Amino acid sequence: MATVEMVLPAMGESIMEATVLQWLKKEGDTIEEDESILEVATDKVDTEVPASYSGVLQKILVQEGNVAQVGAPIAVIIRENGEEATAESVIDTEEEAYPVVQEEPALTQEEPVLVEETKTTFDSSQTEATRFYSPLVRNIAQEEDIPLAELEQIKGSGKEGRVTKKDILSYVENKRSGSSHSNSGSSSQPIQVPAVSINAQDDDEVIAMDRMRKMIAGRMLDSKRISAHVTSFVEADVTNVVLWRNKVKKEFEQREGEKLTFTPIFVEAVAQALKDYPMVNISVDGDKIIKRKHINIGIAVALPSGNLIVPVIKNADQLSLLGLAKQVNDLAEKARTNQLGADDLSNGTYTLSNIGSFGNILGTPIIMQPQVAILAVGAITKTPSVIETPSGDAIAIRHKMYLSHSYDHRVVDGALGGLFVKRVADYLEQFDLNRVI
């Protein structure tokens with residue numbers, strides 16, 4: 001027998017930590033490899049985590065409600081198959097097994113934030129921490145010369161007021177820009193930075209944000225801080241698309257047992273345009289540009305709760321229109337029934353948002369990091385338009401739609417951003433009325 005640590009596995013691009021929601025097994029239970037033993041919540045999705053080994057769950061290292069880092073130990077398992085454990089996985093019984101500090105509630109909104117101007121190396125011995133800080137947050141604090149006393153005063157947006165990576169990076173950015181206010185008097189005296197306070201009236205209803213809404217809010221703010229957003233607009237004549245879908249949708253539903261929406265047609269056009277303009281299918285890493293090999297298109301899905309989630313169609317350029325339709329319907333259904341896994345939400349390279357489903361005609365969508373662009377498609381409306389005919393110009397009723405393309409002007413210039421969205425419109429306008437699906 002060997003005693004090994006089970007670590008929190010990688011759960012998708014940019015996911016560095018997860019909150020333990022529930023352990024499905026208790027200490028002393030026998031577990032099988034790949035059997036789900038706990039549920040966790042990431043900033044993208046709630047999912048189950050399978051056991052890395054078969055054996056007995058000897059000890060749970062991260063309790064329910066606490067946060068674990070990807071790659072960090074979360075449990076100790078006694079393997080019963082007689083295999084030797086690797087040197088990296090064997091528990092050193094002489095060392096303490098990764099204690100988890102119980103988190104304390106966040107500061108209330110009315111409490112001022114104290115900014116300690118004295119810069120010292122991060123040292124947990126300076127004062128006793130009142131809440132849990134991840135190793136990543138502690139490393140950032142040390143690199144930025146933020147003492148624990150100052151770290152304790154940062155308002156956290158995580159569970160139970162925990163300071164997240166976003167919180168501390170935002171704090172550092174504000175401090176560098178001077179928004180933390182420097183004290184021109186004694187550097188040893190903390191100063192007060194008042195928090196924004198809103199007084200609710202007697203008839204107002206105060207609604208607490210749920211966990212997903214908090215995550216969405218944080219991600220949107222981060223994206224606006226990271227990317228230089230600019231939006232280009234193009235009007236597309238999608239008459240052929242509308243007429244074709246009207247012609248085939250009933251037969252498609254009878255044959256496939258599901259509906260044919262406009263979304264897979266839009267996804268196909270985006271995938272084709274990304275092949276034509278691969279420098280839109282990129283990400284930015286500091287001063288480096290990562291040109292993505294795969295075309296993975298996220299589709300924004302509105303949930304019954306009113307929140308939004310973005311599952312990803314992998315290798316969309318390699319799927320037929322039928323394959324895209326199946327993928328769109330499957331992911332949308334999984335999203336609405338809370339069945340999405342971490343893999344369904346990872347590795348997106350471009351995002352499509354169908355705001356037309358809400359009756360909107362134009363929008364300025366916010367980029368999904370670490371992508372550099374996102375397309376919003378508006379409502380399809382009947383519009384009197386001038387068309388060219390063999391006998392001259394004429395006015396006819398056409399089905400028109402606006403495309404709103406937001407992109408990161410750091411790496412996508414106006415010419416490229418504009419040409420890309422125009423190419424998407426061209427593919428939609430040239431849709432084959434005789435196409436078979």
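**Entry 1**

I looked up D34 and found it exposed, because its relative accessibility is 58% and the cut-off for exposed is over 50%. The model is predicted, so I keep that in mind for every entry. D34 is in the loop between strand 3 (30–31) and strand 4 (36–41). Its phi is positive, about 75 degrees, although D34 is not a glycine. I noted this because most residues other than glycine have a negative phi.

I then checked N338. Its phi is near 60 degrees, again a positive value in a residue other than glycine. N338 is in the loop between helix 7 (321–336) and strand 18. N338 counts as exposed, at 54% relative accessibility.

Next came a peptide bond. Which form does the bond from Q369 to P370 take, cis or trans? I found it cis, with omega near 5 degrees. P370 belongs to the loop between strand 18 and strand 19.

**Entry 2: a surface patch**

I stayed with that loop, which runs between strand 18 (350–354) and strand 19 (373–377) and also holds I361. I361 is partly exposed, at 41% relative accessibility.

**Entry 3: helix 4**

I checked the length of helix 4, residues 211–226. Its 16 residues should span 22 Å at 1.5 Å a residue, and the end C-alpha atoms are 23 Å apart, so the two values agree. Which residues of helix 4 are buried? I listed M215, I216, D222 and S223. Seen down the axis of helix 4, these buried residues fall within an arc of 130 degrees, so they line one face.

D210 caps it, with a side-chain oxygen 2.7 Å from the backbone nitrogen of R213.

M215 is buried, at 17% relative accessibility. M215 and S157 are 58 residues apart in sequence, yet 8.9 Å apart in space, C-alpha to C-alpha.

**Entry 4: a buried glutamate**

I found E150 in helix 2 (residues 148–151). E150 is buried, because its relative accessible area is 1% and the cut-off for buried is under 20%. Its side chain makes a polar contact of 2.5 Å with the side chain of Y171.

**Entry 5: salt bridges**

How many salt bridges does the structure hold? I noted 16.

K400 pairs with E235, the closest N and O atoms being 4.0 Å apart. K400 is in strand 21 (residues 392–408) and E235 in strand 11 (residues 229–237), so this bridge links parts of the chain 165 residues apart. K400 is buried, at 13%, while E235 is partly exposed, at 36%.

E268 pairs with R435 at 2.6 Å between the closest N and O atoms. E268 is in helix 6 (residues 263–276), and R435 is in the segment after helix 8 (414–429), 167 residues apart. E268 is buried, at 12%, whereas R435 is partly exposed, at 27%.

R423 pairs with D276 at 3.0 Å between the closest N and O atoms. R423 lies in helix 8 and D276 in helix 6, so the pair ties together parts 147 residues apart in sequence. R423 is partly exposed, at 26%, and D276 is partly exposed, at 32%.

I ended with a network: salt bridges that share partners join R255, E256, E258 and K326.

Note on methods: Residues are numbered from 1 along each chain as its sequence is written. This is a predicted model: local features need pLDDT of at least 70, side-chain atom pairs count only at pLDDT 80 or more; totals for chains, interfaces and linings use all residues. Side-chain values use heavy atoms; hydrogens and water are left out. Helices (H or I, at least four residues) and strands (E, at least two) are DSSP runs, numbered from the N terminus. Buried means under 20% relative accessible area, exposed over 50%, partly exposed in between (1.4 Å probe, protein chains only). The expected span of a helix is 1.5 Å times one less than its number of residues. The arc is that of the directions from the helix axis to the C-beta atoms. A polar contact is a pair of N or O atoms within 3.5 Å; within protein, one must be able to donate a hydrogen and the other to accept it, and residues adjacent in sequence count only if both atoms are side-chain atoms. A salt bridge is a side-chain nitrogen of Lys or Arg within 4 Å of a carboxyl oxygen of Asp or Glu.
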